[in-house]
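Please look at the sequence and the structure below before reading on.

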Amino acid sequence: MTDVKRLFDLTGKVALVTGGSRGLGQEMAEGLGEAGASLMIVARREQWLAPTLEELKAKGYPCEGMICDVSNPEEVQSVVNKTMETYGQIDILVNNAGVTWGAPAEEMPLDKWQMVIDINLTGVFLFSQEVGRTMIKRTYGRIINVSSVSGIIASLPDGTHTSAYVAAKGGLIALTRELAAKWAQYGIRVNAIAPGFFPSRMTDKILEKQRQQMEKTIPMGRVGQAGELKGVAVFLAAPASDYITGQTIVVDGGMTIV
């Protein structure tokens, strides 16, 4: 029987993390690095990517980075090719990149709807498809899709309308199950994480206005804190979860159970 330390050891593994330059993505990338993985982090903008790369390298993690629009197939392929050239393999893919747009459904501009779907859902498909091809050849892979409680309960605080985000995150949970079912035969596990509300660039405005009201609806009485997603990402990437696939782990302080 494998001991616990080995169950969470990612030494020799390579992790590609989209949206890995800030916030929850950076936290998960750092956790994978702490567990021993070499990293390729992807961001939309150089000003986000460069300082994070410097920070991760200063902590001693093997780490490279690239700018990428995850909804662009050519750029996705370039990232995967560069990762393969650099490390020779991709063991772990974390699909974290995401955006949102707030507008009532009856007023949502079609181009904004399409932008959110393209980045939050199609981008996950493109990266999973491209990386999945390399994983199928090796008969090994771990894919972690970052969804949201919004994809489960389709409900946000009063006054907040994010129909495209909700649709994309719900679709992402379904895509996770589909890929898990089809790729299990190749030794690939596909799971999702559905965070509740954590302080981030995307949620700061909501939390500023409605944090107290929101925390009253959460059994644990608070929003998420730094470090509370790191362990979940490592768990899903590591041998500790080898018999788990197609699942969505909700990290929300109990928000979705009441």
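This is a predicted model: local features need pLDDT of at least 70, side-chain atom pairs count only at pLDDT 80 or more; totals for chains, interfaces and linings use all residues.

Residues are numbered from 1 along each chain as its sequence is written, and side-chain values use heavy atoms, with hydrogens and water left out.

Q: Is strand β5 largely enclosed or exposed?
A: Helices (H or I, at least four residues) and strands (E, at least two) are DSSP runs, numbered from the N terminus. Buried means under 20% relative accessible area, exposed over 50%, partly exposed in between (1.4 Å probe, protein chains only). Six of the six residues of β5 (residues 141-146) are buried, so the strand is largely enclosed.

Q: Which residue of β6 is the bridge partner of Asn145?
A: Two strands pair if DSSP finds at least two bridges between them. β5 pairs with β6 (residues 188-195) in the parallel sense over six bridges. Within β6, the partner of Asn145 is Ala192.

Q: How many residues apart in sequence are the parts that Glu30 and Lys59 tie together?
A: A salt bridge puts a side-chain nitrogen of Lys or Arg within 4 Å of a carboxyl oxygen of Asp or Glu. Glu30 and Lys59 form one at 2.7 Å, N to O. Glu30 lies in helix α2 (residues 23-34) and Lys59 in the loop between α3 (46-58) and β3 (63-67), so the parts tied together are 29 residues apart.

Q: What is the relative accessible area of Arg189?
A: Arg189 forms a salt bridge with Asp242 (3.6 Å, N to O). Asp242 is partly exposed at 42%. Arg189 is buried, with a relative accessible area of 6%.
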